[in-house]
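The following note sets out points for a colleague who has the model open. It is arranged by topic.

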Amino acid sequence: MTATSHQAAAEPIVTLERITKAFPGVVANDNVDLQILPGEVHVLLGENGAGKSTLIGLLSGLQQPDSGSIQIDGTQRAINSPRHALSLGIGTVFQHAMLVPTLTVAENLLLGGPWWERPRKERLREKVDEISKSLGIAVDLDAYAHDLSLGEQQQVEILRALIRDSRVLILDESTSMLTPKGIEELGSLMRRLVNRGLAIIFITHKLNEAVSFGDRISVLKLGRKVGEIGPDRFKSLDKAELTTQIVEMMFGGQHSEDDAGFHKPNPLSTAEPPVLVLDGVTLESTSTAPGLNSVHLELHPGELLGIAGIDGNGQKQLADALSGQSRIESGSITLNGKRIETHSVGERRDAGLRYLTDDRLGEGTVSTFPVSLNFLLKQIGSPPYWRNQIERRADIDQHAEHLIQDYDVRTPSAHTPVGRLSGGNIQKVLLARELSDGAKVVIFNKPTYGLDLSNTVSTRQRIRDIAASGLGVLLISTDLEELLELCDRIAVMDAGTITGIVENGENARTEVGRLMVGLSQ
Amino acid sequence: MESTTTPAGTVTDPIQAMIHRLLLTLGPILIALIIAGLILIAIGVNPLEYYGYVIKRGLLSPTGVQQTLTRMAPMLFIAAGLIVAFRAGIWNLGVDGQFLLGAVASAASAPLLAAVMPSWLALIIAFSLATTVAMAWSLLPALLKAYHGVNEIITTLMMTFLGVSLANVMVKLVFLDPGTTVPQTRTLPVEDRMFRLFDTTISSGLLLGLVAIIAVHLMMTRTAFGLKLRVVGANPRAAVHSGLGVPSLTIAVFAISAALAGLAGAVDILGVQGNVRADWNPAYGLAVIPAVFLARLNGFASIGFVFLLSVLSIGGESAARRIGVPTTFTLVLIAIVLIVLAIAEYADHRYQNARRT
């Protein structure tokens, strides 16, 4: 691949050649070529799981490639550690600020110096003055990190990279927690930085940011680089055309090998009155998580409704609000005609609302407890497994044996701690627990995340069967293919808001894709 | 990858497993005795003489055994209280304060009550007073933990400092026995105290303590309530996910744990001491906390460790008088046992892992 640089003299600072990195069960980067040139904002685009984070991990020295080469200034180098990456001039600003909140900005910037030296605060002050003046940013060195806004914290991190003479700056989803104004400021700061000859790798999920701030765009998809738009083409196209091309790269071209290509919506599903209605469901956002912004959804019996969106846009909050794990601030949730928004987790479960969490070990199970007890985690104390609150071991074991057989859970015994099972088998334990009698609506949160192929296939079949049996299914997933394969309708979440609902069909892929990257339908 | 993870390398034969566990417990205790022996040599005491004396006084002499078994009673109650708390993942380190306040409450009330009503009724009322006072003392840490997530290790420890001081002040100022010059509470006459077992000096508190710890063990392992507490302890997020009322369960744990500590105080006063002297603080909790960990929070194993502790403490008190080794050496010994056991546990874990791969 030849560099089509707009500055004829510019040599790439970093060149990646045929980089491949595999993890058990998934190839995260597959033969990726990438050139990072000075004076350019290089945008990396791709869905969750496209391989962006792995690529950044390789560049910042957190991981080593399985094959391929990394060249820095034309010579082949191995980047052994984050410290090594910094010394090579590659600085990374991670998605979540990594400042020590109880230290001042100056102290944070002085961290990591040689331990035998006194921190040279005066020299730091001079250097910071010089850099911040030329960039037009104001940084108070004596402010405590926890008093800074997220945007200011990010500026400090960028400053940190500049103090160490970084030539390549990686901004990993830096805009995801910023206000629109903060994003605008970051954009112009990036422009000033590249004008000084820096190279910036900018990772984002928002297409309009990519188009307004970038010089060059590379699109990753399932670990492969599927396209690149260089600066010349970037300039020659107007925004709308550029956007269309990128959407096509990200979501198009996969009109599949298997016959139908898309899922046919279930015609019966909307005939009956909805089994679950969310109206104006609102939840305050916190410093680390988005809230919910007046969410309205209707789910009919037998319907499979997908919730698409980039990870961390309120999907988890929606699931928690529905299951009762967090209380909503306003709005209503109606299950089978009954308001349940003030009900407890247990009451909602009894009413038929079931929730399969994505955090299978973190909250779904108690990993040190046997499989048999994990089956009953949400029914502790109820007969026939407990009589007069006394445990009935024989009944509990029998129940476990039945479920292990029905759901084909591969476990040495019903008494094995659930944490020893594979992800797929833990998922089966959760399925068995949630689908037991009385389920009316099932919420799946990323049900196939981390599963191998055969378990993914069987889990998806099970989800289909559940909907076919007349239950309402809400499927939260960041995997667009999964949603297109299974769902009748797909709603897209962005920053806690449902930005659109798409009937699954021929054009659903592009429509959902556009909504996911922040464009309107 | 699809796999049915087999617990390869774990010992499946129950007898073999039992021997394994026994070796892993007794071996370190032996090593700890040797290390502690070296310390004794360093301070100029013959370790064999010390150990021999401790065993003779704590275990082999008739009065010693009776004292040992009597001493077990409050420790068993405290152990029971700790097991409930620790299994539920709540670090109630304030048992000593709760114990002492329970002791003072029963010591202050029992002699007065016994003068006006049958002694059995007086004892029951004194017991319930001790329980109530101890529970009340744990209320603040409980509420802070349940509703604000304030670390209970800090709050219960601070409440213990306050509780111990409060108990002393109460003895010196409010409940002082006007009949003596020694600062202490009124003394419960021997005939009004809890009855003794058979014709010995062993207090019936021992039986109550055994009942308490076995009841707690069964509650934690066999009942729905115990399982809920264990879920909260093992994975609080899973407890929320499963719809358990974590705050109310947390408060319940504090209440039960403190109540048992308060009962421990009452049992010691109403069965053995008869009164509370000012500045009296046996700090049983400090010794029992490591013991229940050694027992892996198992009620039955705790009985064994409490017995051992009791032997060491009764024998150690005598040895202190005879050989001049301070009584706190018992705690040094227990600490060494705990450290060696932890190291053994770690080494065994590494070994098992190495064998598995």
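1. Helices (H or I, at least four residues) and strands (E, at least two) are DSSP runs, numbered from the N terminus. By that rule, B:Lys56 sits in helix H2 (residues 47-60) of chain B. The residue counts as partly exposed, because 14 C-beta neighbours lie inside 10 Å; a residue is buried if 20 or more other C-beta atoms lie within 10 Å of its own, exposed if 12 or fewer, and partly exposed in between, with C-beta atoms placed from the backbone. B:Lys56 and B:Ile339 are separated by 283 residues in sequence and by 26 Å in space, C-alpha to C-alpha.

2. On conventions: this is a predicted model, in which local features need pLDDT of at least 70 and side-chain atom pairs count only at pLDDT 80 or more, while totals for chains, interfaces and linings use all residues. Residues are numbered from 1 along each chain as its sequence is written, and chains are lettered from A and ligands numbered from 1 in the order in which they are written.

3. Chain B contains 13 helices and 0 strands, and its pattern along the sequence is α-α-α-α-α-α-α-α-α-α-α-α-α. Along the principal axes, the C-alpha atoms of chain B fill a box of roughly 80 × 55 × 35 Å. Of the 357 residues, 48% count as buried. Two residues are in contact if their C-beta atoms, placed from the backbone, lie within 7 Å. Among contacts in chain B between residues at least 6 apart in sequence, 76% join residues at least 24 apart.

4. Two packed helices are described by the angle between their axes and the distance between the axes. Helix H4 (residues 95-116) and helix H5 (residues 119-148) of chain B pack at about 150° with axes 8 Å apart; axes are lines fitted to C-alpha atoms, for helices over the stretch in contact, and angles run from 0 to 180 degrees between N-to-C directions. H4(B) is therefore roughly antiparallel to H5(B), where angles under 35 degrees count as roughly parallel, over 145 as roughly antiparallel, 65 to 115 as roughly perpendicular and the rest as oblique. The crossing of H4(B) and H5(B) is right-handed. A crossing is left-handed if the near helix is turned anticlockwise from the far one by less than a right angle, and right-handed if clockwise. The residues of this contact comprise 15 nonpolar, 8 polar and no charged; Ala, Val, Leu, Ile, Met, Phe, Trp, Tyr, Cys and Pro count as nonpolar, Asp, Glu, Lys and Arg as charged, and the others, Gly among them, as polar.

5. In the second pair, helix H7 (residues 205-222) and helix H10 (residues 246-273) of chain B pack at about 165°, with axes 10 Å apart. That angle makes H7(B) roughly antiparallel to H10(B), and their crossing is left-handed. H7(B) contributes B:Gly205, B:Leu208, B:Gly209 and B:Ala212 to the contact, and H10(B) contributes B:Leu260, B:Val267 and B:Gly271. By class, these residues are 4 nonpolar, 3 polar and no charged.

6. Chain A has 18 helices and 22 strands. With 521 residues, a compact globule would have a radius of gyration near 24 Å, and the 26 Å of chain A agrees. Its C-alpha trace spans about 75 × 55 × 45 Å along the principal axes, and 46% of its 521 residues count as buried.

7. How many residues of chain A are in contact with chain B? There are 34, and they meet 22 residues of chain B. Helix H11 (345-350), helix H12 (360-364), strand S18 (390-391) and helix H16 (453-468) of chain A each supply at least two residues of this side. That side of chain A has 10 nonpolar, 17 polar and 7 charged residues.

8. Most residues other than glycine have a negative phi, and most peptide bonds are trans. The peptide bond from A:Pro383 to A:Pro384 is cis, with omega near 5°; A:Pro384 lies in the loop between helix H13 (371-375) and strand S17 (386-387) of chain A. A:Asn336, which is not a glycine, has a positive phi of about 55° and lies in the loop between strand S14 (330-335) and strand S15 (338-339) of chain A.

Notes
The radius of gyration is taken over C-alpha atoms; the globule rule is 2.2 Å times the number of residues to the power 0.38.
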